[in-house]
Amino acid sequence: MNDSQDILEIKNLFYSVEQKQILNDINFTVQNGEFLSILGPSGCGKTTILRLLIGLLQPDSGQIIKNGQDITFTHPSKRGMGIVFQNYALFENMTAFENIEYALKLNPKFKARSKDIVNELLIQMNLMEHADKKPVNLSGGQQQRVAIARTLAINPDIILFDEPMSALDVETRLVLRKELKDLQHKYKNTMIYITHDQEEAFAMSDRIMVMSEGKIHQIDTPENLITHPADDYVKQFVVHNLRVKMDSLLKHLGGMYEK
Amino acid sequence: MKSKLNWIQVVLGCFFLFAVIGPLLTMFLTIDIPHLTAIFSNKAFKAATYNSVVYSGISAVLSIVLGGTAAWCLTRSRVKFKSFFILILTIPMLIPSISHGTGLVILLGANGILTNLLGLKLPLYGGLGIILGSIMYSLPVAFLMFYDILKYEDALPYDMAEILGVNKLRQFKDLTLPYLYKPLISIIFAIFTLIVTDYGVPLTIGGHVKTLPVMMYEDVIGLLDFVKGSVIGTFLLLPAVVAFVIDLLNKGNANASYVRTPFRLNKSFARECFSYLYLGLITIIVLLPLVTFAFLSFVKKYPMDLSFTTYHIHRLIEMEGLVYLGNSFIIAISVAVIGTLGAFVTAYLSARIQTKTSYFLHLMTITSLAIPGLVLGLSYVLFFNGTLIYGTLAMLILVNIVHFFASPYLIMYNTLNKVNRNLEDIGMILGISRFNLITHVIIPQVAPSLKEMAVYLFVNSMMTISAVSFLSNVATKPIALMITQFEAIMMLECTAVVSLIILGVNIVVRTIALRN
């Protein structure tokens with residue numbers, strides 16, 4: 001049954017490469033304005049889900065429904081979605097400003113207002129002073145902001161993130177986590193975020209989808225994952241690993257206070 | 001969309017199959033068993049095979065040792081002016097192989113400058129001349145191949161070996177040799193093939209010592225014996241095909257690691273002294289023939305009359321030199337433009353559109369690497385004879401594009417493989433067409449490689465004497481072939497002028513195009 005709040009509904013999605021089953025009967029929904037993290041180890045199929053959602057891959061079978069419309073085979077640019085890749089895929093020969101503006105200039109819908117949109121986004125993303133810099137002269141965090149701004153420029157309902165913070169240092173990650181949540185509150189976008197980092201998923205998400213080997217183990221709120229893990233895998237991969245991290249942290253903090 | 005591109009890949013792959021394999025098959029089909037047995041039992045053929053293998057083998061080994069040592073000096077010592085040495089060492093790549101032969105004749109021939117100056121009496125015409133000329137011709141290539149390999153070697157294992165107290169000899173045996181093993185095999189075959197398939201050096205300086213390419217050249221040009229030419233051509237394909245296959249097999253593991261620690265070299269007086277001396281000596285040896293070209297071009301008659309003259313230039317003009325220079329420009333510019341565009345499109349299709357046919361296209365494109373120019377030229381004569389294109393400049397443009405296509409293609413293929421893999425995805429999501437993405441994003445990113453490709457095609461088309469030698473006529477002859485013509489009538493001063501013109505044009509083009 002489709003909840004009226006659901007912006008996205010994934011039904012019985014199967015995907016294989018040659019003989020290997022990558023995704024096995026994937027079903028889930030995403031609510032409007034929700035921040036959903038897809039959490040799992042490398043090779044579990046989480047990036048494949050993202051590429052299917054955006055339309056860069058097509059499933060063997062199953063349906064992707066957005067706002068009640070079947071978009072399984074719709075062209076990626078017509079899905080109302082944007083994506084931020086792990087390596088950002090910025091246009092190296094263009095400045096930050098031009099990176100954000102380029103797609104707008106080619107789109108009759110945005111062309112007339114392109115400069116205004118870019119300037120607004122540059123202010124919003126604290127990038128104004130870096131507008132004329134090329135990607136090679138931007139830090140990792142700044143590059144990511146440009147990539148997000150470029151995605152926001154086309155005004156998507158849903159933004160997908162493919163492990164965008166894995167190459168950043170801890171401090172930048174913490175800053176960007178907050179900025180991302182602030183952005184979501186401002187623009188009311190639905191965000192689907194891929195990560196293999198439990199702590200990151202717990203810090204940012206409204207709900208977390210835990211995956212392994214092409215299957216979903218549990219989709220739930222962070223609290224429920226801890227209090228009611230669906231199976232041993234969730235218990236081990238999520239709860240146990242987080243506990244180990246927390247214990248280690250508390251031990252060090254305790255030591256500091258004792259000193 | 002992808003299936004359409006898939007089809008383009010197949011069509012392009014088939015084009016290369018047609019452009020390379022088609023003419024070759026025609027050449028094979030001209031061979032019959034009686035001719036084959038007659039040629040194989042021919043004494044002159046046996047002698048030429050022996051000469052080719054022995055002299056090319058010796059030249060290749062010496063060239064590799066000399067080029068390898070120069071590369072070592074420039075990558076493992078703290079000598080200054082490295083860019084200058086690299087520039088000088090690669091200059092001989094800008095003149096035809098035949099110029100290296102004439103350069104040696106001018107320097108060390110019976111009446112050569114060094115012969116007269118130092119009172120030398122070298123038996124230059126024959127095996128020694130072939131060896132020396134072939135070294136001069138192949139040294140820059142051997143040097144560049146070694147330089148690229150040594151430049152990208154990781155210093156970390158050596159740092160670890162130092163920490164563990166492993167001595168230098170053991171480091172060389174256990175680290176350097178295993179690292180060099182595979183590339184060295186590729187270099188040996190590549191240099192041997194380069195020398196064994198060249199006719200320019202042995203034609204000028206071989207005297208009575210004939211090699212297979214010279215025999216093939218004389219049989220086809222002088223006697224119009226296409227069957228014998230085809231047999232020798234097929235024979236010459238063997239080392240080239242072996243070199244190609246070995247290189248293909250070796251490449252699989254070549255780029256296993258992208259992360260490398262650069263060498264931090266301590267000062268070493270002995271090493272630096274040796275490097276300066278060695279590089280200085282090599283530089284002089286490389287520059288000497290080029291200087292003599294300049295000298296000989298403007299003296300009346302060496303050694304009798306050393307007064308300044310522009311007579312040889314006028315002579316060249318009288319003999320339609322400007323027309324042939326014009327032909328060379330038309331050919332070189334057309335090859336550079338069409339070849340660069342074609343190589344970019346092909347490389348884009350095989351490197352960026354991952355389908356089942358990508359590898360087919362890639363393989364078909366690099367097949368021309370296995371075909372020596374002389375063999376390609378003869379096969380084109382047999383394949384295109386009687387067609388509209390035969391005997392036109394378009395024929396020479398086509399054969400040069402096919403002959404030189406693989407190298408610029410590989411430059412672009414490797415460059416495009418390093419460009420962010422997600423760009424096309426982002427373009428698709430943001431509604432940017434593939435054409436816009438290529439012209440506005442990808443081409444600006446790969447522009448330096450495009451320039452490099454165009455220069456490679458231009459320079460090689462200006463100086464080639466191999467594939468074009470059988471296909472050109474009085475109206476379409478490129479200027480490089482005038483060297484063969486002048487050499488045959490012993491007009492050494494005019495060969496020097498032509499070599500100098502080709503060198504000058506190539507240096508100017510390379511400098512202007514790659515100045516940034």
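Which residue of chain A does A:Arg173 meet in a salt bridge? The partner is A:Asp197, with an N to O distance of 3.4 Å. The model is predicted.

A:Arg173 sits in helix H5 of chain A, which spans residues 170–187. A:Asp197 lies in the loop between strand S8 (190–195) and helix H6 (198–204) of chain A. The pair thus links distant parts of the chain, 24 residues apart. Both A:Arg173 and A:Asp197 are buried.

A second salt bridge in chain A joins A:Glu34 to A:Arg207. Their closest N and O atoms are 2.3 Å apart.

In chain B, a salt bridge connects B:Asp159 and B:Arg264. The closest N and O atoms of this pair are 2.8 Å apart. B:Asp159 is part of helix H8 (residues 156–163) of chain B. B:Arg264 is in the loop between helix H12 (226–251) and H13 of chain B. The two residues are 105 residues apart. B:Asp159 has a relative accessible area of 24%, so B:Asp159 is partly exposed. B:Arg264 counts as exposed because its relative accessibility is 60%. Back in chain A, salt bridges that share partners join A:Arg173, A:Asp197 and A:Glu200 into one network. Over all chains, the search of the whole structure finds 21 salt bridges.

Chain A also holds an open sheet of four strands. The strand order is S2-S1-S4-S5, and the pairing is antiparallel. Strands S2 (20–31) and S5 (69–70) of chain A are the edge strands, each pairing on one side only. Helix H1 of chain A, residues 46–54, packs on the sheet. Helix H1 touches strand S1 (6–17), S2 and S4 of chain A. The direction of H1 makes about 65° with that of S2(A). Strand S4 of chain A covers residues 61–66 and is joined to S5(A) by two bridges. In S5(A), A:Asp70 is the bridge partner of A:Ile65.

A further position in chain B is B:Ile284, found in helix H13 (residues 269–297) of chain B. B:Ile284 is exposed because its relative accessible area is 52%, and the cut-off for exposed is over 50%. The C-alpha atoms of B:Ile284 and B:Lys82 are separated by 15 Å. Along the chain, B:Ile284 and B:Lys82 are 202 residues apart.

Key: Residues numbered from 1 in each chain as written. Chains lettered and ligands numbered in written order. Predicted model: local features only at pLDDT ≥ 70, side-chain atom pairs only at ≥ 80, totals over all residues. Heavy atoms only, no water. Pairing = 2+ DSSP bridges. Contact = heavy atoms within 4.5 Å. Axes fitted to C-alpha atoms, helices over the stretch in contact; angles between N-to-C directions. Buried < 20%, exposed > 50% of the residue type's maximum accessible area, 1.4 Å probe, protein only. Salt bridge = Lys/Arg side-chain N within 4 Å of Asp/Glu carboxyl O.
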